[in-house]
Amino acid sequence: MTIRQTATTFDVTAVRARFPALARVGADGRPFVWADAPGGSQTPESVIDAVANRMAAGASNTHGVFPLSEEIDDVIAEAHRAGAGFLGCDPDEVVFGQNATSLLLHLSRSFSRTLEPGDEVVVTRLDHDANVRPWILAARDAGAAVRWVDVRDDDVTLDLESFERQLSERTRLVALTLASNAVGTIPPATELVRRAKAVGALVALDGVHFAQHRAIDLHAIGADMVATSPYKFFGPHLGMMAVRRELLASWEPYKLRPASDAVPDRWETGTQSHESMAGTIAAIRYIVSVGGFEAIAAHERMLAIRFLEGIARIPGARLIGIGHPDRVDERTPTFAIRVGSQHPKETSAALARRGIFTWDGHYYAIEVFDRLGLLDTGGAVRVGFCHYHTCAS
Ligand SMILES: Cc1ncc(COP(=O)(O)O)c(C=O)c1O
């Protein structure tokens with residue numbers, strides 16, 4: 001199932017009616033504003049039903065010679081097919097796991113065994129720690145070096161000259177985000193992957209934030225792996241990665257002996273969350289049903305422009321990141337702000353009293369806040385929207 005077919009608009013009221021949590025209201029009768037979409041999306045009824053129906057139909061482990069077990073085998077196979085359509089890869093290149101962090105740690109441990117002293121790994125100051133620390137640990141264990149790509153002070157985009165400077169024939173892997181969960185920046189991934197590939201490096205993409213807003217196509221981008229988390233794109237808590245088959249076959253996973261050595265099973269250690277896989281299939285169908293990412297991006301673009309125009313008029317509010325509405329296509333509708341000298345936690349608490357839920361702090365994107373000198377003063381308030389938001393809710 002591909003998510004690239006589309007309509008260009010959707011009825012946002014009808015979309016919101018599909019999410020039970022969006023009907024929740026505060027003591028004043030006004031709907032809550034769930035402005036922490038980057039922390040996790042709300043769940044449509046169809047996904048909730050898919051998880052519940054899978055559990056109601058019966059639980060079983062895989063590869064048994066009885067019908068319930070065969071049903072579970074079918075769910076797993078279908079989840080791989082749906083994941084392949086979503087991520088632009090083949091079904092046997094999709095790996096499920098507990099969450100994106102666990103999957104990246106899992107893969108990085110095996111990658112470490114391929115490294116040698118003198119090799120280099122490149123990470124960025126824009127990335128969530130889930131696509132930084134696993135590769136640093138891998139390098140540390142192998143005696144390899146780590147090189148950092150910087151961000152620009154003015155608009156918190158990746159510094160492309162810094163990127164170029166870190167690459168060399170010693171670079172074995174570049175870890176790069178498709179979109180920042182902290183400030184919303186969308187780096188020019190296709191071009192950066194091309195440059196990394198030119199020096200023969202592997203490329204690990206973090207698509208966790210991006211997957212809520214735009215379509216991913218691993219093969220078209222030309223990278224080697226991309227991590228996502230279905231709970232960020234309207235599905236249940238789970239991790240889902242696409243990894244090039246050749247790596248899944250050649251890297252040695254940390255796994256148990258009786259577990260299958262087939263690709264990708266050898267990477268899916270232990271018993272998986274079959275009900276979450278059923279929910280993930282439903283989440284991907286849900287995205288198709290609203291018109292795919294073309295429709296989603298068009299709606300989010302409108303929200304982002306409105307937000308940027310509005311925040312510019314609030315005295316004392318400072319946006320950290322790309323601020324000009326003309327550059328809205330270079331970012332997601334995720335905004336980091338500071339208000340005057342107020343601590344971000346105070347701002348977030350004041351918004352919560354008005355029924356607007358935001359997160360404050362560094363959201364695990366610690367490098368970027370450290371780099372901007374904001375880590376010790378509370379980071380920023382993150383206001384994050386997705387396609388089910390309106391200008392009022
Ligand atoms: C950009 C980004 N990468 C990685 C992660 C980690 O994902 P998970 O919670 O599935 O481990 C997050 C979670 O917030 C994220 O926003």
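**Ligand shell, domain contacts and core of the predicted model**

The shell around the ligand is made up of 8 polar, 4 nonpolar and 1 charged residues (Ala, Val, Leu, Ile, Met, Phe, Trp, Tyr, Cys and Pro count as nonpolar, Asp, Glu, Lys and Arg as charged, and the others, Gly among them, as polar). Of these 13 residues, Asn 99, Ala 100, Thr 101, Asn 181 and Ser 229 come nearest to the ligand, a residue being near if its C-beta atom, placed from the backbone, lies within 6 Å. The model is predicted, with pLDDT of at least 70 needed for local features and 80 or more for side-chain atom pairs, while totals for chains, interfaces and linings use all residues. Residue numbers start from 1 along each chain as its sequence is written.

Two of the residues nearest the ligand, Ala 100 and Thr 101, are also touched by Ala 130, as are Leu 104, Asp 206 and Tyr 364, residues up to four places away in sequence not being counted (contact: C-beta atoms, placed from the backbone, within 7 Å). Ala 130 is situated in the loop between β3 (120-124) and α5 (133-142); helices (H or I, at least four residues) and strands (E, at least two) are DSSP runs, numbered from the N terminus. With 24 other C-beta atoms within 10 Å, Ala 130 is buried (20 or more such atoms make a residue buried, 12 or fewer exposed, and counts in between partly exposed, with C-beta atoms placed from the backbone). Its C-alpha atom lies 8.2 Å from that of Asp 206, although 76 residues separate Ala 130 and Asp 206 in sequence.

The domain assignment gives domain 1 (12-42 + 291-384) and domain 2 (51-287), with bounds taken from an automatic or database assignment. Their C-alpha centres are 26 Å apart, and 27 residues of domain 1 contact 29 residues of domain 2. On the side of domain 1 that touches domain 2, α11 (292-311), β10 (334-339) and α13 (366-371) are the elements giving two or more residues; the largest share, 5 residues, comes from α11. By class, this side of domain 1 has 15 nonpolar, 6 polar and 6 charged residues.

The largest nonpolar core has 107 residues, and those with the most contacts inside it are Ala 175, Leu 205, Met 225, Val 226, Met 241 and Ala 242. Such a core is a set of buried Ala, Val, Leu, Ile, Met, Phe, Trp, Tyr and Cys residues joined through C-beta atoms within 7 Å. Helix α10 (residues 274-289) provides the largest share of this core, 8 residues. Because domain 1 and domain 2 both give residues to the core, it lies between them. Beyond four places in sequence, Ala 242 touches Leu 87, Cys 89, Glu 93, Val 94, Leu 218, Met 225 and Val 226.

In helix α7 (residues 189-198), the buried residues are Ala 189, Leu 192 and Ala 196. They cover an arc of only 65° around the axis, and therefore lie on the same side of α7; the arc is that of the directions from the helix axis to the C-beta atoms. The cover over these buried residues includes α6 (160-166), β5 (171-177), β6 (202-206) and α8 (218-221). Exposed residues Thr 190, Glu 191 and Ala 198 are carried on the face of α7 turned away from its buried side. Just after α7, Gly 200 takes a positive phi of about 80°.

Notes
Contact = placed C-beta atoms within 7 Å.
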